[in-house]
Amino acid sequence: MIDLTVNGSAVSLDVGVDTPVLWVLRDHLGLMGTKFGCGAGLCGACTIHLDGVATRSCILPIAAVAGRQLTTIEGLSESADHPLQRAWVEHNVPQCGYCQSGQLMSAAALLSENKQPSETEIDQAMSGNICRCGTYPRIKRAIQQVAVGHYDPQDGGQS
């Protein structure tokens, strides 16, 4: 048994220790928001937070997260009204939408560490997330909008 916390809830899992976290989330916990992209940790579609840090779940074995806290896109906000999610809608960021959960999780991790990132810092933080639709300018504008709005992850970003 592997014990961990997913989106604030304690979870005990009986899975192989080398099972990638992505498959545990999708196949065992039914959390389908985190996407499979490249399977090599290169595209960022599978990004989650591990103890608050943006992490690729497709290459991370479940044994590596025992006793730790995972947050998926479903855990970013209970009602999908996280400031970044609202900014994503306002700026019409998604096109096909496939990469967006990973993009949002990377952006949320960035703003948790740096409430006022520069354009260069946003580019660096988001450089590991690939969007085939090329919505990078809109992603950047959405992040900048939230950063200017005094983002506070402690209150769910509502300030």
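View 1. Strand 1 (residues 2–6) and strand 2 (residues 9–13) pair in the antiparallel sense over five bridges, and two strands are said to pair if DSSP finds at least two bridges between them. The two strands form a hairpin with two residues between them, and N7 in the turn has a positive phi of about 50 degrees. Residues are numbered from 1 along each chain as its sequence is written, and side-chain values use heavy atoms, with hydrogens and water left out. Because the model is predicted, local features need pLDDT of at least 70 and side-chain atom pairs count only at pLDDT 80 or more, whereas totals for chains, interfaces and linings use all residues.

**View 2. The salt bridge between D51 and R68.** D51 forms a salt bridge with R68, and the closest N and O atoms of this pair are 2.8 Å apart; the term stands for a side-chain nitrogen of Lys or Arg within 4 Å of a carboxyl oxygen of Asp or Glu. The pair links distant parts of the chain, 17 residues apart, with D51 in the loop between strand 3 and strand 4 and R68 in the loop between strand 4 and strand 5 (69–71). In the whole structure, the search finds three salt bridges.

View 3. The protein is divided into domain 1 (2–74) and domain 2 (83–147), with bounds that come from an automatic or database domain assignment. The C-alpha centres of the two domains lie 21 Å apart, and the contact (heavy atoms within 4.5 Å) takes 17 residues from domain 1 and twelve residues from domain 2. The area buried between them, that is, the accessible area (1.4 Å probe) that the two parts lose on being put together, summed over both, is about 1,100 Å², of which carbon and sulfur atoms give 57%. In domain 1, C43, H49 and I73 lose the most area to domain 2, together 39% of what that side buries.

**View 4. The side of domain 1 that touches domain 2.** Between the two domains the count of salt bridges is zero. The elements that give two or more residues to this side of domain 1 are strand 3 (47–50) and strand 4 (53–56), and strand 3 gives the most, with three residues.

Notes: Helices (H or I, at least four residues) and strands (E, at least two) are DSSP runs, numbered from the N terminus.
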